[in-house]
Amino acid sequence: MNIRLILLFTLILTVAACNDKKNKSVEDRVHPSDTTCIKEISQAKTDLKNSKLVYCNYVGNIVWQALRAEKEMQSLLRQNGIEYQDESSPCVIEDNRNYHCYCEFMQEKINQKFGDKFTDRLLYIADSLWIIKNRDRVFDCGSESSCWDKPAMFPGDSTYDQTNHSGLQKEFEKLVKYPTDYRIKKGENAMAMLQVYIDIDENGKAKVTETQFVFWDDRTKEEDYNKKYWDYFKSIVIPLIEKTTWKPATIKNIGVKSKNDIFIYLK
């Protein structure tokens, strides 16, 4: 047989075997020595006979990652006859052990009854409801649990980037006129920028709360040479930011208040 045909045939068998394993029920995949898993599946079957169906939210182990929309999710699940429980994960993983047999078996039954994407849709709806109930909350991506889906955007920004805004940079460069004795940065490690902290509300209204001037020149090792022009740069940047309506940060396509830390690059 042609060597290419042999390789193709081997690849097909490998993919088929992987898919078959992936599509097996958790009950079919349990290792005979995994008595804990076997007991959990038995308990799940007993609960199902008693009309108890459970959705598990995985919260990690040492760092507990609670679902922020837990109450909303519980309510939606309850409307469909499903209970909610948090499921933690072990710190140490042993071979031939499945640590979530009860939850995985229950999830299989939920998928069979309602469809594979059912709980994903409920999670989306639950989080949307939570956002609507918390419109006064200010989101800051310095905390992962409080981060937006998409950052606030300045008109003309070409990419979703929470620190660099191409549209804002372009408008700044149209307005700025560098003084004749302004020292242009030079050197591999040279830096020149304004760091600007901005609060942007759910309607795109921006307010600058703080600015910092960063300048480093490899030639002179000076940090403060151009700092005398800080106020001049701020006089351009702050009105440009505050008088422009931004596209607000969004979560589940809902505009939210956000804290932003951005950079305006200088020559």
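I note here that the model is predicted.

**Entry 1: the disulfides**

I searched for bonded cysteines. The count came to three disulfides. A disulfide is a covalent bond between the sulfur atoms of two cysteines.

I stayed with Cys56 and Cys103. Their sulfur atoms are 2.1 Å apart. Cys56 sits in strand β1 (residues 53–60) and Cys103 in helix α5, so the pair ties together parts that are 47 residues apart in sequence. I checked burial too: Cys56 is buried, and so is Cys103.

Next I took Cys37 and Cys101. They form a disulfide with 1.8 Å between the sulfur atoms. The torsion about the S-S bond is about -100 degrees, so this disulfide is left-handed. Cys37 belongs to helix α3 and Cys101 to helix α5, so the link ties together parts 64 residues apart in sequence. Are these two cysteines buried or exposed? Cys37 is buried, at 0% relative accessible area. Cys101 also has 0% and counts as buried.

Then I turned to Cys141 and Cys147. Their sulfur atoms lie 1.6 Å apart in a disulfide. Here the torsion is about 75 degrees, so the disulfide is right-handed. Cys141 has a relative accessible area of 17%, and it is buried because the cut-off is under 20%. Cys147, at 24%, counts as partly exposed.

I wrote down the pairing pattern. With the bonded cysteines of the protein chain numbered in sequence order, it reads 1-3, 2-4, 5-6.

**Entry 2: Asn98**

Where is Asn98 found? I located Asn98 in the loop between β2 (82–88) and α5 (101–114). Asn98 is buried, with 17% relative accessible area.

I looked for polar partners of its side chain. One is the backbone nitrogen of His100, reached at 3.0 Å. Another is the side chain of Glu104, joined by a polar contact of 3.1 Å.

I then listed what Asn98 touches, leaving out residues up to four places away in sequence. The list is Val26, Arg29, Asp34, Cys37 and Glu104.

**Entry 3: salt bridges**

How many salt bridges does a search of the whole structure find? It finds eleven. Side chains of opposite charge can pair when their charged atoms come close. I followed some of them.

Lys45 and Glu27 meet in a salt bridge at 2.5 Å, N to O. Lys45 lies in helix α3 (residues 35–49) and Glu27 in helix α2 (residues 26–29), so the pair ties together parts 18 residues apart in sequence. Lys45 is partly exposed, at 35% relative accessible area. Glu27 is partly exposed as well, at 34%.

Glu72 and Lys133 meet at 3.2 Å, N to O. This pair links distant parts of the chain: Glu72 is in helix α4 (residues 70–79), Lys133 is in helix α6 (residues 118–133), and 61 residues separate them. I compared the two ends. Glu72 is buried at 8% relative accessibility, whereas Lys133 is exposed at 59%.

Lys228 forms a salt bridge with Asp181, with 3.3 Å between the closest N and O atoms. Both partners sit in loops. Lys228 is between β5 (206–216) and α8 (230–242), Asp181 is between α7 (166–175) and β4 (191–200), and they are 47 residues apart. Asp181 is partly exposed, at 34%.

I also found a network. Salt bridges that share partners join Arg68, Asp127 and Lys252.

**Entry 4: helix α6**

I went back to α6, the helix of Lys133. It has 16 residues. From its first C-alpha to its last it reaches 23 Å, close to the 22 Å expected at 1.5 Å a residue.

Which residues of α6 are buried? I noted several, including Phe118, Leu122, Trp130 and Ile131. Asp127, a member of the salt-bridge network, is buried too.

**Entry 5: strands β4 and β5**

How do β4 and β5 run, parallel or antiparallel? They run antiparallel, and ten bridges join them. I checked one partner: Ala192 is bridged to Phe215 in β5.

The two strands form a hairpin with five residues between them. In the turn I found Gly204, with a positive phi of about 90 degrees.

Key:
Residues numbered from 1 in each chain as written. Predicted model: local features only at pLDDT ≥ 70, side-chain atom pairs only at ≥ 80, totals over all residues. Heavy atoms only, no water. Helix = DSSP H or I, 4+ residues; strand = E, 2+ residues; numbered from the N terminus. Buried < 20%, exposed > 50% of the residue type's maximum accessible area, 1.4 Å probe, protein only. Polar contact = N/O pair within 3.5 Å; in protein donor to acceptor, adjacent residues only side chain to side chain. Contact = heavy atoms within 4.5 Å. Salt bridge = Lys/Arg side-chain N within 4 Å of Asp/Glu carboxyl O. Expected span 1.5 Å × (residues − 1). Pairing = 2+ DSSP bridges. Disulfide = S-S within 2.5 Å.
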